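This report goes through one structure part by part. Please keep the sequence and the 3D view at hand while reading.

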2 protein chains.
Amino acid sequence: MNFSSKLLENAVYEFSKLPGIGKKTALRLVLNLLNKDQADVDNFGNSIMKLRREIKKCSVCHNISDDEVCDICNSNKREKQIICVVEDTRDVMAIENTAQYFGLYHVLGGLISPMDGVGPSDLYIDSLVKRVANSEVKEVILALSANMEGDTTLFYLFKRLKDFQIPITTIARGIAFGGELEYADEITLGRSIVTRVPYEASLSK
Amino acid sequence: MNFSSKLLENAVYEFSKLPGIGKKTALRLVLNLLNKDQADVDNFGNSIMKLRREIKKCSVCHNISDDEVCDICNSNKREKQIICVVEDTRDVMAIENTAQYFGLYHVLGGLISPMDGVGPSDLYIDSLVKRVANSEVKEVILALSANMEGDTTLFYLFKRLKDFQIPITTIARGIAFGGELEYADEITLGRSIVTRVPYEASLSK
């Protein structure tokens with residue numbers, strides 16, 4: 001692209017480094033910001049720089065937090081004996097939105113992926129084992145994505161945790177609510193038949 | 001969404017104000033930036049704030065520029081008697097990329113759109129008329145989008161410019177190169193038959 005301005009080119013270049021943002025989208029976003037007031041643009045730029053500078057990770061569950069220990073770990077209303085293990089903070093938000101889970105979390109910060117050079121030592125796995133060892137945990141729920149990295153991580157975590165003699169569960173897999181059978185993939189459909197549940201158990205309480 | 005951090009929520013809110021960026025995409029972008037070095041994030045934030053603060057519009061053609069007069073208006077290699085009128089800087093970039101046009105530009109800064117409250121006085125139309133009146137312009141090319149706003153603006157510009165007794169042209173409309181007839185809309189196809197050209201003239205030089 002032929003930019004009429006070096007400043008413009010630089011801003012577009014910075015935006016196009018973001019995932020899923022190409023040069024044309026970046027240009028559209030930058031031109032949109034250019035039409036705003038200086039104060040709005042400063043708010044935009046400062047919000048992300050301030051976030052990067054001041055954000056902390058909860059020292060217990062490693063979720064993104066403004067404080068040393070996050071609100072969930074600090075809360076008196078949560079069941080402290082149940083830990084739900086997730087990949088990142090987006091999963092915590094998704095589960096919190098269901099309003100169906102009242103235990104604590106443990107954010108791994110990623111999944112084991114030899115292809116991307118991510119091994120167990122790059123994730124918060126040791127601290128999970130330590131949490132389980134040091135406290136009276138009654139159950140560990142592994143809520144990871146159903147893909148190769150997720151399965152590898154599941155397998156590794158199970159190996160590390162199985163000696164503690166506590167229930168280790170994973171979230172249920174199956175046909176989504178509202179999902180139509182004919183469009184479901186074969187593996188999901190096949191497994192959902194094999195792992196069928198009594199009708200009474202399928203009713204939400 | 002339940003954010004675990006006010007700083008995170010604020011940054012996501014700022015990103016989600018951008019066009020075409022929803023809350024989920026904004027969160028993905030912000031988390032991506034959060035994984036980068038502080039210096040990279042500062043570069044990102046500062047690039048857009050600096051752009052907004054220091055950018056100028058060329059005093060001749062109103063295109064985005066680092067200087068008082070843009071490189072195109074300043075160049076000795078351009079034909080100064082031809083002015084191509086466009087909506088915004090993206091159109092200048094698109095036409096420059098074709099390497100088929102060597103005249104000057106005039107950036108209107110938008111199109112006349114009563115629906116959005118944009119009238120002729122909100123655009124750089126008076127300065128276009130002044131440019132045409134004051135210099136020895138030999139042709140004005142109107143290169144505007146083929147939609148209602150573009151047609152309205154075309155009509156208005158033609159009315160304002162027709163007394164100067166210079167050729168006023170618009171870019172050719174028709175079936176795109178590589179476009180298949182059966183998928184073309186009726187108006188374009190119909191007009192392209194009515195405005196057919198001799199075979200020799202259709203060959204690119």
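## Strand pairing in chain B

In this predicted model, strand 3 (residues 79-86) of chain B pairs with strand 4 (residues 103-107) of chain B in the parallel sense, and five bridges link the two. Within this pairing, Val85(B) has His106(B) of strand 4 as its bridge partner. Between the two strands, the chain passes through helix 5 (residues 89-98) of chain B, and the β-α-β crossover formed in this way is right-handed.

Strand 3 of chain B also runs parallel to strand 5 (residues 139-142) of chain B, to which four bridges join it. In this second pairing, Ile83(B) stands opposite Val140(B) of strand 5.

## Confidence

The model as a whole scores ipTM 0.81 and pTM 0.78. For chain A the average pLDDT is 90, and 99% of the residues score at least 70.

Confidence in chain A is highest in strand 4 (residues 103-107) of chain A, with a mean of 95. Helix 9 (residues 199-202) of chain A is where confidence in that chain is lowest, at a mean of 74.

## Nonpolar cores

The largest nonpolar core holds 30 residues, and Ala11(A), Val30(A), Ala11(B) and Val30(B) have the most contacts inside it. Two or more residues each come from helix 1 (6-15), helix 2 (23-34) and helix 3 (38-54) of chain A, and likewise from helix 1 (6-16), helix 2 (23-34) and helix 3 (38-54) of chain B.

## Contact between the chains

Where chains A and B meet, 48 residues of chain B are in contact with 48 residues of chain A. On the chain B side, helix 1, helix 2, helix 3, strand 2 (64-65) and helix 5 each supply at least two residues. Helix 3 of chain B gives the most to that side, with 15 residues.

## Domains of chain A

Chain A is divided into domain 1 (7-54), domain 2 (75-170) and domain 3 (175-205).

## Individual residues in chain B

His62(B) is not a glycine, yet its phi is positive, near 70°. The residue lies in the loop between strand 1 (56-57) and strand 2 of chain B. Is His62(B) buried or exposed? His62(B) counts as buried because it has 21 C-beta neighbours inside 10 Å, and the cut-off for a buried residue is 20 or more.

Gln165(B), also not a glycine, has a positive phi of about 60°. Its place is in the loop between helix 7 (148-161) and strand 6 (168-170) of chain B. Gln165(B) has 6 C-beta neighbours inside 10 Å and therefore counts as exposed. Gly190(B), found in helix 8 (residues 186-194) of chain B, has 11 such neighbours inside 10 Å, so Gly190(B) counts as exposed. In sequence, Gly190(B) is 16 residues apart from Gly174(B), and their C-alpha atoms are 9.0 Å apart in space.

Terms used: Residues are numbered from 1 along each chain as its sequence is written. Chains are lettered from A and ligands numbered from 1 in the order in which they are written. This is a predicted model: local features need pLDDT of at least 70, side-chain atom pairs count only at pLDDT 80 or more; totals for chains, interfaces and linings use all residues. pLDDT is the predictor's confidence in each residue, from 0 to 100. A nonpolar core is a set of buried Ala, Val, Leu, Ile, Met, Phe, Trp, Tyr and Cys residues joined through C-beta atoms within 7 Å. A residue is buried if 20 or more other C-beta atoms lie within 10 Å of its own, exposed if 12 or fewer, and partly exposed in between; C-beta atoms are placed from the backbone. Two strands pair if DSSP finds at least two bridges between them. A crossover is right-handed if, with the strands pointing away from the viewer, the path from the first strand over the helix to the second runs clockwise. Domain bounds come from an automatic or database domain assignment. Two residues are in contact if their C-beta atoms, placed from the backbone, lie within 7 Å.
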